[in-house]
Structures are given as C-alpha cells and as structure tokens.
Amino acid sequence: MSDARSTQTRSPRTQTDDAATADRAERPTRAATVEDGDATATNADARETCPECGGRTRVDAAERVCADCGLVVEADRIDHGPEWRSFDDDDTNPKRTGAPLTRSRHDRGLSTEIGRSTKVKGRKRRRLARMRTQHNRAQISSKRDRNKVYAYTEIRRLTGALELPDSVRDTACTLFDSAQDESLLRGRSLEGFAAACLYVACRTADVARTVGEICAEAKATEAEHRAAFDAMNRELGLPIAPTGPAEYLPRFASDLGCAPELERRAGELAERTVEEGIANGRNPVGVAAACLYTAARELGADCTQQEAADVAGVTPVTVRRTYVDLTES
C-alpha cells in the first residue's frame with residue numbers, strides 16, 4: 001500500500017494570521033506592578049497600550065486604535081461639549097445647554113422651571129398654572145432656603161445697582177452661607193447681612209465702595225449693616241485690613257475729570273499721609289478727597305474744596321483739615 005500524500009493547502013491569509021499569532025507569542029509582556037503612588041501613571045499607560053499585542057495606541061477621530069495590530073481599543077468617545085442641534089423654534093442659538101452653575105442661586109442654578117406659552121389655552125393652561133405654582137413652592141422646602149433666596153436676591157440687586165463684577169457677587173453669597181452656618185442671622189436683619197456681605201466682598205476684592213454708598217442702595221439702614229458686620233467680624237474673623245485713601249483715588253479722580261499727572265501726584269500725597277500718620281483716625285474717603293484737592297492746588301488745576309467734598313460725600317471742613325496738615329508738614 002502506497003503512502004497517501006496530503007493535498008491540503010493553506011491560504012495566504014491563514015498563513016499571515018499564524019505568523020502574527022506567533023509574533024505575539026514571542027513578544028515579551030511588560031510587568032504591570034507599580035507602587036500605589038504611581039496609580040495614575042499606570043492607568044494612563046494602560047489606556048495607551050494595546051491589550052492584545054502591547055503596542056502603542058493612537059487616537060483616530062472617535063476611536064483609539066493600536067498602531068501595530070489595528071485593534072480598536074476604544075470607540076464612541078464621549079463629547080463633553082454642548083449639543084449643537086438646530087430646532088425650528090430656536091434658529092439663532094442651536095446650542096442645547098443649560099445655564100452654568102452659579103453661587104448667586106440657592107440651588108446653584110440647577111433647578112428647572114415650567115415655562116409659559118401663548119399656544120396653550122383653556123383647561124390645559126390652568127393646569128400648567130397650578131403645576132407652576134406647586135413647582136415654585138417645592139423649590140423652597142425650608143425656612144433656611146427661604147432666607148437664602150431672599151438674601152441672594154438682595155445681593156444680586158445691589159450688585160446690579162452698584163455696577164459690581166460677578167466675582168464680588170459670588171463672594172458675598174458665599175460669605176452669607178458662612179454666616180448662616182454659624183447661626184448669626186437670629187435676631188438680625190437679612191437686608192443688613194446682605195449689605196454687610198457685599199461690603200466685605202468689596203473690601204476683599206479691593207473694590208472701593210463705602211458703607212454709605214451701599215446703604216444708600218440697600219434696604220437696610222447703617223445700624224443694621226453695622227450690627228451684621230460686627231457679628232461676622234467677631235465670629236468669622238474676616239480677613240480684611242483697614243481701608244487706605246489710595247483705594248478711592250481712581251474713582252474720585254475719574255468723577256472729577258482729573259489729568260493723569262494730577263492723579264499720580266495725589267497718589268504720592270496719599271502714601272505720605274499714611275507714612276506720616278496724618279490719615280490715622282480719619283475717614284479715608286475724606287483724606288482721598290483732600291489729596292486730590294492738594295494736588296490740584298500744586299499743579300494749578302481747577303478744583304475747589306466743595307467739588308472734592310461732593311465727590312467723596314464729605315463736608316468741605318473735612319477736606320480743609322487734611323489739606324492744612326499736608327501743607328504745613
């Protein structure tokens with residue numbers, strides 16, 4: 001009996017797959033033991049390494065593909081940006097994202113609202129009105145939230161009236177939260193705390209605003225403001241330093257229409273009042289007005305004591321006393 005010769009042949013594709021398998025088997029695997037402090041680096045290496053062949057991966061459009069064997073490691077990556085879809089009722093802004101988080105809302109701006117529409121009539125419109133009322137009531141579940149909503153509304157109103165930046169508004173809201181956590185609101189005015197928080201936020205951000213200017217726009221009196229400010233300063237230990245006259249010079253100089261060299265000279269006089277102790281125990285607003293008036297007299301500019309006093313909200317006598325001390329020293 002003759003030996004039967006095998007006639008089975010292998011396709012080129014099968015031979016290629018066998019060669020790749022043998023190559024992967026011969027390639028040494030890298031150890032994956034690292035210390036706990038290098039856990040982040042290990043995860044990054046695992047994402048950049050192919051789990052099949054150990055080769056490097058590259059990002060191609062929405063996929064992560066191995067550059068050696070072509071394995072798709074990740075597909076359909078998440079896009080965290082806005083959804084740019086166009087709708088018939090909003091042709092101008094197709095971006096479908098909500099408002100950003102903000103500290104000026106008691107719920108950080110995450111709550112939803114039931115809108116109004118003129119297309120709804122009759123029974124459905126009345127039902128939506130009842131749903132809207134119940135929804136608004138459910139957003140404020142406690143007295144603590146009610147106080148926060150009222151105070152935040154007052155802070156936003158004062159920020160708009162005084163033309164302050166949003167950073168000052170958010171700082172004031174955060175400060176009100178701290179005062180509420182320390183139970184400082186009992187027996188005191190919410191309007192006073194709103195004004196005091198905004199004043200402290202202006203002081204910490206180096207925004208020149210006086211107590212009189214804030215209380216003129218606020219619903220609180222200066223006595224309510226002072227009581228709230230003293231309570232926060234005593235219990236919270238506010239990181240604020242005494243206000244210097246130089247902080248009010250740019251705004252007062254702008255209101256008076258002073259030249260840059262006059263404002264520069266007034267700044268030098270303000271530093272001199274602090275170094276020589278002239279500003280000790282005096283209202284920094286009046287000292288700033290007196291520095292501007294003194295600089296105007298030295299440079300021959302047109303500025304009277306009454307004009308400088310009106311800009312600062314003080315009397316001409318206050319300006320005159322500091323002017324005399326500056327000229328005699």
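I checked Glu154 for burial in this predicted model: Glu154 is buried, at a relative accessible area of 3%. Buried stands for under 20% relative accessible area (1.4 Å probe, protein chains only). I placed Glu154 in helix H4, residues 143–161; helices are DSSP runs of H or I with at least four residues, and strands are E runs of at least two, numbered from the N terminus.

Side-chain values use heavy atoms, with hydrogens and water left out.

I then looked for partners of Glu154. Its side chain makes a polar contact with the side chain of Arg157 at 2.8 Å. A polar contact is a pair of N or O atoms within 3.5 Å; within protein, one must be able to donate a hydrogen and the other to accept it, and residues adjacent in sequence count only if both atoms are side-chain atoms. The Glu154 side chain also reaches the backbone nitrogen of Lys219 at 3.4 Å. Leaving aside residues up to four places away in sequence, I found Glu154 touching Ala194, Ala218 and Lys219, with contact meaning heavy atoms within 4.5 Å.

The chain has 13 helices and 3 strands, and 30% of its 329 residues are buried. Of contacts between residues at least 6 apart in sequence, 60% join residues at least 24 apart.

How values were computed
Residues numbered from 1 in each chain as written. Predicted model: local features only at pLDDT ≥ 70, side-chain atom pairs only at ≥ 80, totals over all residues. Buried < 20%, exposed > 50% of the residue type's maximum accessible area, 1.4 Å probe, protein only.
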